Amino acid sequence: MALAHFCVSVRIEVFKMILVSSCLLGNKVKYSGGSNDNELIMRYSRYLTAICPESAGNLPIPRPPAELQNGDGREVLKGTAQVVNKFGGDVTAHFLLGAKKILDIVKKHKVQVAILKANSPSCGKDVIYDGSFSGNKIEGEGVTAALLKQNGVKVYSEKDLDEDTLQRIIAMYREE
Ligand code: SF4
């Protein structure tokens, strides 16, 4: 009797999540009620998961602009710096809550990479506004960017991306 050989191929999908600042995808979540449309990122939106730390921290849209004072996001996480809006209101607790909620997503879905909006007090990865509300920028990290970096997430800003780089990130980390 001939033996039948059955070859069973099992494809194991690895679901990975790439986080991206929601405003870069054209969502109107900025403090002003606008967005930061990024044409390149928007073209690849099907691979990306939108997050907005400030919305996650229960801040309204629109809201007064906020900047970090007495340090950057790393100091905010340590409790030695604050996030203050342009009317002097302390919104540090909202920024910390939003950052924690994004970290919860990172842990739940084993996120390894995020593309975050440059210069933001939440999302900025290496430059932020200096706290004077005068448009001056300094080296530093936003609160969520700092927390994600401290938890092993590779953080890019939209300024780091050209199409080849974005395609490479998606190929490495993509969500099926
Ligand atoms: S920069 Fe970050 S916190 Fe600010 S609107 Fe965009 S996603 Fe939200």
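This is a predicted model: local features need pLDDT of at least 70, side-chain atom pairs count only at pLDDT 80 or more; totals for chains, interfaces and linings use all residues.
Around the ligand I found Ser 21, Ser 22, Cys 23, Val 29, Lys 30, Cys 52, Pro 53, Glu 54, Lys 117, Ser 120, Ser 122 and Cys 123. Sorted by class, that shell comes to 5 nonpolar, 4 polar and 3 charged residues.

**Entry: the whole chain**

Next I stepped back to the overall picture. I counted 6 helices and 8 strands in the protein. Going along the sequence, I read the order as β-α-β-α-β-α-β-α-β-β-β-α-β-α. The C-alpha trace spans about 85 × 30 × 25 Å along its principal axes. I also looked up burial, and 39% of the 176 residues are buried. Then I took the contacts between residues at least 6 apart in sequence, and 60% of these join residues at least 24 apart.

**Entry: strands side by side**

Which strand does strand 1 join through 3 bridges? I found that strand 1 (residues 18-21) runs parallel to strand 5 (residues 113-116). Within this pairing, Leu 19 has Ala 114 as its bridge partner. I followed Ala 114 onward to strand 8, where its bridge partner is Val 155. Strand 5 and strand 8 (residues 154-157) are also parallel, with 4 bridges between them.

**Entry: helix 4**

Helix 4 covers residues 92-109, so its 18 residues should span 26 Å at 1.5 Å a residue. The C-alpha atoms at its ends are 26 Å apart, so the two agree.

Which residues of helix 4 are buried? I listed His 94, Phe 95, Leu 96, Gly 98, Ala 99, Ile 102 and Val 106. Then I looked for what covers them: strand 2 (48-51), helix 2 (53-56), helix 3 (73-78), strand 4 (82-85) and helix 5 (143-150) are included in the cover.

**Entry: the nonpolar core**

A reminder to myself: in soluble globular proteins, nonpolar side chains tend to be buried together. Here the largest nonpolar core has 43 residues. The residues with the most contacts inside this core are Val 20, Val 76, Val 83 and Val 143.

I picked Val 83 and listed what it touches, skipping residues up to four places away in sequence. The list is Ala 66, Leu 68, Val 76, Val 91, Thr 92, Phe 95, Pro 121 and Val 143. Val 76 and Val 143 are on this list, and they are also among the core residues with the most contacts. Phe 95, another residue Val 83 touches, is one of the buried residues of helix 4.

Is Val 84 buried or exposed? I found 20 C-beta neighbours inside 10 Å, so Val 84 counts as buried. Val 84 lies in strand 4. Leaving out neighbours within four places in sequence, its contacts are Ala 66, Glu 67, Gln 69, Gly 89, Asp 90 and Val 91. I also noted that the C-alpha atoms of Val 84 and Gly 131 are 8.1 Å apart, although 47 residues separate them along the chain.

Lys 28 sits in the loop between strand 1 and helix 1 (39-43). It has 14 other C-beta atoms within 10 Å, so I put Lys 28 down as partly exposed. Not counting residues up to four places away, Lys 28 touches Gly 33, Gly 34, Ser 35 and Ile 61. Ile 61 is 33 residues from Lys 28 along the chain, with 8.3 Å between their C-alpha atoms.

Definitions and conventions: Residues are numbered from 1 along each chain as its sequence is written. A residue is near a molecule or strand if its C-beta atom, placed from the backbone, lies within 6 Å of it. Ala, Val, Leu, Ile, Met, Phe, Trp, Tyr, Cys and Pro count as nonpolar, Asp, Glu, Lys and Arg as charged, and the others, Gly among them, as polar. Helices (H or I, at least four residues) and strands (E, at least two) are DSSP runs, numbered from the N terminus. The expected span of a helix is 1.5 Å times one less than its number of residues. A residue is buried if 20 or more other C-beta atoms lie within 10 Å of its own, exposed if 12 or fewer, and partly exposed in between; C-beta atoms are placed from the backbone. Two residues are in contact if their C-beta atoms, placed from the backbone, lie within 7 Å. Two strands pair if DSSP finds at least two bridges between them. A nonpolar core is a set of buried Ala, Val, Leu, Ile, Met, Phe, Trp, Tyr and Cys residues joined through C-beta atoms within 7 Å.
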